[in-house]
Amino acid sequence: MVFPVVGGNESKGYEISNSLRFNDGDSARLSITPSSEGNRKTHTFSTWVKRSNLTGGKQHLFGVYIDNNNHSLIRFDSGENLDIRNNLSANAYQLDTTAVFRDPSAWYHIVMATDTTQSTASDRIKLYINGVQVTLSGSYPLQNNDTFINDDVEHTLGEVSNDSEQFDGYMTETHLVDGSALAPTSFGEFDDNGVWVPIKYTGTYGTNGFFLEFKQTGTSQNSSGIGADT
């Protein structure tokens with residue numbers, strides 16, 4: 001998979017040449033456990049995904065799942081909408097998109113920006129699809145409450161830790177930025193034809209942030225593995 005290189009005044013040109021195929025029949029996932037706690041109130045998750053098998057079930061993209069009472073995650077729900085949820089002590093919230101994402105030929109750029117320090121509830125979580133903020137319905141987090149993201153527990157991509165909710169499709173250009181709630185323009189832009197395309201992210205990542213390009217071929221998370229943090 002190759003995104004078009006953007007030229008002219010739009011950008012200096014940026015090409016993505018690799019993606020990772022998650023096959024739900026293989027229980028495929030990537031996981032990492034941070035060695036220390038980062039900023040659990042403020043962070044950004046950004047990735048490009050292309051769905052393959054619309055199973056009619058839940059498909060996990062990213063987050064932390066310990067059990068039904070302790071989790072923070074973003075996933076495609078059984079209605080093919082996106083579902084953001086957190087369950088941690090008194091900080092339980094759930095937000096869903098009214099839009100659905102059923103096109104297996106389309107690449108979707110998903111940015112989830114979280115900042116629970118904001119005084120306005122609807123500013124505490126913002127979700128963008130292909131550069132445009134989408135409407136969320138449901139309950140927002142309480143001000144200054146923590147999530148599990150950036151806690152020193154296992155974080156997963158593609159499957160929750162109890163061997164369920166497998167994602168089926170492609171994922172590429174995946175970022176976690178610890179300590180900043182960023183706009184989608186940090187990761188993409190509209191080209192001359194009005195198409196949302198990726199740009200190179202030039203910011204910092206904080207304590208537990210990562211960037212996955214899926215350049216390597218090995219199955220480990222070290223520098224030669226498919227899950228290498230580049």
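**Close-up views of a predicted model**

**View 1. Lining of the largest cavity.** Strands β5 (70-76), β6 and β8 (108-115) each contribute at least two residues to the lining of the largest cavity, as seen in this predicted model. The residues that line this cavity are H43, S72, L73, I84, R85, Y93, M112, T114, T147 and I149, and by class they divide into five nonpolar, four polar and one charged. The volume of the largest cavity is about 50 Å³, and the count of cavities of 30 Å³ or more comes to one.

View 2. Seven strands, in the order β2-β12-β4-β5-β6-β7-β11, form an open sheet in which the pairing is antiparallel. Strands β2 (30-32) and β11 (136-139) stand at the edges, where each has a single partner strand, so that one side of each is left without a neighbour in the sheet. When direction is ignored, neighbouring strands of this sheet are turned by 15 degrees against each other on average.

**View 3. The pairing of β6 with β7.** Strand β6, residues 81-88, runs antiparallel to strand β7, residues 91-100, and the two are joined by seven bridges. Within this pairing, N86 has Y93 in β7 as its bridge partner, and Y93 is also one of the residues lining the largest cavity.

View 4. F187 and Y201 form an aromatic pair that is stacked, with 5.1 Å from centre to centre and 25 degrees between the planes. The pair links distant parts of the chain, 14 residues apart, since F187 lies in the loop between β13 (169-178) and β14 (188-190), whereas Y201 lies in the loop between β15 (196-198) and β16. F187 counts as buried because its relative accessibility is 3%, and Y201, at 12% relative accessibility, likewise counts as buried, the cut-off for this class being under 20%.

Key. Residues are numbered from 1 along each chain as its sequence is written. This is a predicted model: local features need pLDDT of at least 70, side-chain atom pairs count only at pLDDT 80 or more; totals for chains, interfaces and linings use all residues. Side-chain values use heavy atoms; hydrogens and water are left out. Two strands pair if DSSP finds at least two bridges between them. Helices (H or I, at least four residues) and strands (E, at least two) are DSSP runs, numbered from the N terminus. Axes are lines fitted to C-alpha atoms, for helices over the stretch in contact, and angles run from 0 to 180 degrees between N-to-C directions. On a 1 Å grid over the protein atoms alone, a cavity is a set of points where a 1.4 Å probe fits but cannot get out, and a pocket is an open set with protein on both sides within 12 Å along at least five of seven lines; lining residues have an atom within 4 Å of a point. Grid points are joined across faces, edges and corners, and a volume is the space filled by probe spheres set on the points. Ala, Val, Leu, Ile, Met, Phe, Trp, Tyr, Cys and Pro count as nonpolar, Asp, Glu, Lys and Arg as charged, and the others, Gly among them, as polar. Rings of Phe, Tyr and Trp (its six-membered ring) pair if their centres lie within 6.5 Å; planes under 30 degrees apart count as stacked, over 60 as edge-to-face and the rest as tilted. Buried means under 20% relative accessible area, exposed over 50%, partly exposed in between (1.4 Å probe, protein chains only).
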